[in-house]
Amino acid sequence: MTERNPLHTPEQEPLSVQSEKSIFNLPNNLTIARILMIPLFVAIAYWPPAMGIGLPAISDNAIARVGMSEFSDSLLRHLLLTSVFVIAAITDWLDGYFARKLNVVSAFGRFLDPVADKLMVAVALIILVQWHPNIIMAIAAIVIISREIAVSALREWMAELGKSTSVAVSYVGKLKTTFQMVAITVLLLNWQSLETIGYVLMVGAVILTLWSMMIYLKAAWPYLKQSG
């Protein structure tokens, strides 16, 4: 879930000029592609017949030798899942880069981009909770998803008050996004030798997630405590 500040965008063209441009520009197409990757991601995770997945890519003995966890019945499945997630993360960076470089920032893109980020991360976390049904993954999924819902609601409310600059994106928010993405990528590989690293990164992501939420709440608190 990439942290973006919708307020610090390149100089906007008049609305009448923007309306003449198609919303299907390169940055927005990359964002739409990221959303379309979600059903593919789920299909790979849960539909064994899809694309030949369901049969072990290598023998059970070979899987044990390279350190794959017991859950994995297909190395190919995890490599494909990880690849889709990484490609989605790359498109997240690319759409922002091209939006700035081509100066095609649009209201549609500013709305859709964070939605695409949150959807992909939420889906990945739900899948990981099923694969690793333990307290660490459950808490991580609850905290990360709940934080995104709370902060999105907070931003919308602050925007209605005309105080959006008070909840601008912080460095901590960007750092927690990095931890989230790397942790999810490592855990999707389901490689036993990297599992501890994945959990450490996920715990770090949870701490940074709570920290960044506190920053948002602190900035909004003067307005939240006002009567009426």
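With 0% relative accessibility, F41 counts as buried, because buried means under 20% relative accessible area, exposed over 50% and partly exposed in between (1.4 Å probe, protein chains only). The model here is a predicted one: local features need pLDDT of at least 70, side-chain atom pairs count only at pLDDT 80 or more, and totals for chains, interfaces and linings use all residues. Residues are numbered from 1 along each chain as its sequence is written, and side-chain values use heavy atoms, with hydrogens and water left out.

**Exercise 1. Work out which kind of aromatic pair F41 and F85 form.**

Step 1: Rings of Phe, Tyr and Trp (its six-membered ring) pair if their centres lie within 6.5 Å; planes under 30 degrees apart count as stacked, over 60 as edge-to-face and the rest as tilted.

Step 2: Look up the geometry. The centres of F41 and F85 are 6.5 Å apart and the planes make an angle of 45°, which is a tilted pair.

Step 3: F41 sits in helix α2 (residues 26-46) and F85 in helix α4 (residues 75-101), so their pair ties together parts that are 44 residues apart in sequence. Helices here are DSSP runs (H or I, at least four residues), numbered from the N terminus.

Step 4: Check the surroundings. F85 is buried, at 1% relative accessible area, and F41 is buried as well, at 0%.

**Exercise 2. Describe the pair made by the rings of W93 and Y97.**

Step 1: Start with the numbers. The ring centres of W93 and Y97 are 5.3 Å apart and the planes are at 10°, so this pair is stacked.

Step 2: Find them in the chain. Both W93 and Y97 belong to helix α4, 4 residues apart, or about one turn of the helix.

Step 3: Compare with the accessibility cut-offs. W93 is exposed at 53%, while Y97, at 31%, is partly exposed.

Step 4: Look for further partners. Ring pairs join W93, Y97 and F98 into a cluster. The whole structure holds 3 aromatic pairs.

**Exercise 3. Trace the salt bridge between D95 and R34.**

Step 1: Recall the rule: a salt bridge is a side-chain nitrogen of Lys or Arg within 4 Å of a carboxyl oxygen of Asp or Glu. A search of the whole structure turns up 7 of them.

Step 2: Take the distance. D95 and R34 meet at 2.9 Å, N to O.

Step 3: Locate the partners. D95 is in helix α4 and R34 in helix α2, 61 residues apart, so the pair links distant parts of the chain.

Step 4: D95 is buried at 3%, and R34 is buried at 2%.

Step 5: Widen the view. R34, D92, D95, D113 and D117 are linked in a network of salt bridges.

**Exercise 4. Find the salt-bridge partners of E148, including K118.**

Step 1: K118 and E148 form a salt bridge with their closest N and O atoms 3.6 Å apart. K118 lies in helix α5 (residues 107-131) and E148 in helix α6 (residues 135-160), so the pair ties together parts that are 30 residues apart in sequence.

Step 2: R147 also bridges to E148, at 2.9 Å, N to O.

Step 3: K118 and E148 are both buried, and R147 is buried too.

**Exercise 5. Say where the pLDDT stays under 50.**

Step 1: pLDDT is the predictor's confidence in each residue, from 0 to 100. The chain's mean is 77, and 72% of its residues reach 70 or more.

Step 2: Residues 6-20 stay under 50. Residues 50-60 are below 50 too.

Note on methods
Contact means heavy atoms within 4.5 Å. Helices (H or I, at least four residues) and strands (E, at least two) are DSSP runs, numbered from the N terminus.
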